[in-house]
Amino acid sequence: MDLKSYLAERTDRVDVALDYWLPAETLLPLRLHQAMRYSVFAGGKRLRPILSIAAAEAIGGSIEQVLPAACSLEMIHTYSLIHDDLPAMDNDNFRRGQPTSHRQFDEATAILAGDALLTEAFRLLADAEANRGVAPEKILQVIAIIARGAGSLGMVGGQAVDMESEGSEVDFPTLEYIHTHKTGALILASVQAGGCLAGADRDQMKALTGYGESAGLAFQIADDILNIVGDQAQTGKASGSDQARGKATYPALLGLAEARQRAEELCVRAVAALDPLGEAARPLKALARHMVNRNS
Ligand code: GRG
């Protein structure tokens with residue numbers, strides 16, 4: 001399949017919808033809304049929204065059914081990056097090749113922009129007009145899926161353990177906990193949300209969950225590898241920054257070759273999990289390979 005045009009078409013749909021649903025820069029408070037939009041439109045790959053769309057399509061659903069949830073996932077992802085970059089956390093000056101939110105605006109505005117994006121995400125998920133035609137019980141299920149993926153049992157929990165572990169020796173189970181929660185949980189929630197909105201039955205949800213778990217971890221291992229071998233011009237982040245900070249990563253614990261092999265194995269497992277879904281899951285399968293072999 002032509003993944004490039006698949007990604008381009010869906011990225012466009014997501015960008016137009018985000019522009020529509022995010023508060024305008026001309027609305028008060030101007031600086032807050034500018035900061036929210038600055039980070040949302042800073043050139044992200046829209047991976048999580050596209051995963052939720054592809055999961056819905058794999059079950060026979062449509063983009064329209066899933067677009068509000070897809071946008072809410074990107075808002076949550078963007079909030080997590082803004083807060084991750086703050087001086088209290090990673091203290092990064094650049095993200096996606098541009099100044100981070102607290103550098104471009106100020107620290108208080110960056111904190112508030114993250115807070116507001118997280119809150120707006122849940123407003124959009126619960127918005128009756130945006131979700132018209134979707135059964136209310138499906139919306140409730142998706143709110144629970146996304147809240148779990150984003151909260152202390154998911155992404156925030158992974159970030160907390162990552163922060164606690166910085167500068168100390170991390171064993172393999174702790175590393176896997178950090179990766180599956182900090183990054184994997186929102187990726188898994190994206191896939192599950194798309195499937196749920198498209199009306200996936202129990203077996204279909206099981207297939208999507210198996211895919212999301214393996215693909216989410218593979219994505220983070222690929223990110224660790226990119227941090228070492230990636231081209232800074234493409235990743236938008238300083239190469240070798242994980243090592244300089246003493247961060248726990250797969251290559252640091254297993255070596256580069258074994259980390260690559262583990263990412264590849266997980267990718268194969270993610271693709272195999274989708275076999276029960278047949279042809280309609282082809283884009284999701286291609287996305288798993290893309291997540292592991294990407295260069296940015
Ligand atoms: C602060 C609550 C809180 C959580 C932060 C996701 C996260 C948790 C921190 C990000 C740290 C990081 C760079 C992790 C590596 C994997 C990752 C999430 C990369 C960024 O995701 P992409 O590549 O980003 O999808 P784009 O820019 O394409 O949207």
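Q: In this predicted model, how far from an oxygen atom of the ligand is an N or O atom in the side chain of Lys45?
A: Lys45 is among the residues that come nearest to the ligand, in a set that also includes Arg48, His77, Arg96 and Asp223. A pair of N or O atoms counts as a polar contact within 3.5 Å, and the pair formed by the side chain of Lys45 and an oxygen atom of the ligand lies at 2.5 Å.

Q: What are the distances from an oxygen atom of the ligand to the polar side-chain atom of Arg48 and to the N or O atom in the side chain of Arg96?
A: Both arginines are listed among the residues that come nearest to the ligand. For Arg48, a polar side-chain atom lies 2.8 Å from a ligand oxygen, while for Arg96 the separation between a side-chain N or O atom and an oxygen atom of the ligand is 2.6 Å.

Q: Which helix supplies the largest share of the shell around the ligand?
A: The shell has 21 residues, which divide into 6 nonpolar, 7 polar and 8 charged. At least two residues each come from helix 4 (63-85), helix 8 (155-165), helix 9 (172-197) and helix 10 (202-229). With 6 residues, the largest share belongs to helix 4.

Q: Where does the ligand sit, and what is the volume of the largest pocket?
A: The location of the ligand is the largest pocket, and His77 and Asp223 are among the lining residues that lie nearest the centre of this pocket. Those two residues are also listed among the ones that come nearest to the ligand. The volume of the largest pocket is about 1100 Å³.

Q: How many charged residues does the lining of the largest pocket have?
A: This pocket is lined by 46 residues, and helix 4 gives the most to that lining, with 7 residues. By class, the lining residues divide into 13 nonpolar and 16 polar, and the number of charged ones is 17.

Q: Which helix gives the most to the lining of the second largest pocket?
A: The second largest pocket holds about 350 Å³ of space, and Trp21, Leu67, Pro68, Ala130 and Arg132 lie nearest its centre among its 15 lining residues. Helix 1 (3-21) and helix 4 each supply at least two residues of this lining. The most, 5 residues, comes from helix 1.

Q: How many residues does helix 4 give to the lining of the largest cavity?
A: The largest cavity, with about 100 Å³ of space, is lined by 13 residues, and Ser39, Ala42, Arg95, Thr100 and Ser101 are the ones that lie nearest its centre. Helix 2 (30-40), helix 4 and strand 2 (98-99) are the elements that give two or more residues to this lining. Helix 4 gives the most, and its number of residues is 4.

Q: Which residue is the polar one in the lining of the second largest cavity?
A: The second largest cavity has a volume of about 30 Å³, and its lining has 5 nonpolar residues, 1 polar residue and no charged ones. The lining consists of Ala69, Leu125, Ile139, Val142 and Leu197 together with Asn131.

Methods: Residues are numbered from 1 along each chain as its sequence is written. This is a predicted model: local features need pLDDT of at least 70, side-chain atom pairs count only at pLDDT 80 or more; totals for chains, interfaces and linings use all residues. Side-chain values use heavy atoms; hydrogens and water are left out. A residue is near a molecule or strand if one of its heavy atoms lies within 4 Å of it. A polar contact is a pair of N or O atoms within 3.5 Å; within protein, one must be able to donate a hydrogen and the other to accept it, and residues adjacent in sequence count only if both atoms are side-chain atoms. On a 1 Å grid over the protein atoms alone, a cavity is a set of points where a 1.4 Å probe fits but cannot get out, and a pocket is an open set with protein on both sides within 12 Å along at least five of seven lines; lining residues have an atom within 4 Å of a point. A molecule sits in a cavity or pocket if more than half of its atoms lie within 2 Å of its grid points. Ala, Val, Leu, Ile, Met, Phe, Trp, Tyr, Cys and Pro count as nonpolar, Asp, Glu, Lys and Arg as charged, and the others, Gly among them, as polar. Grid points are joined across faces, edges and corners, and a volume is the space filled by probe spheres set on the points.
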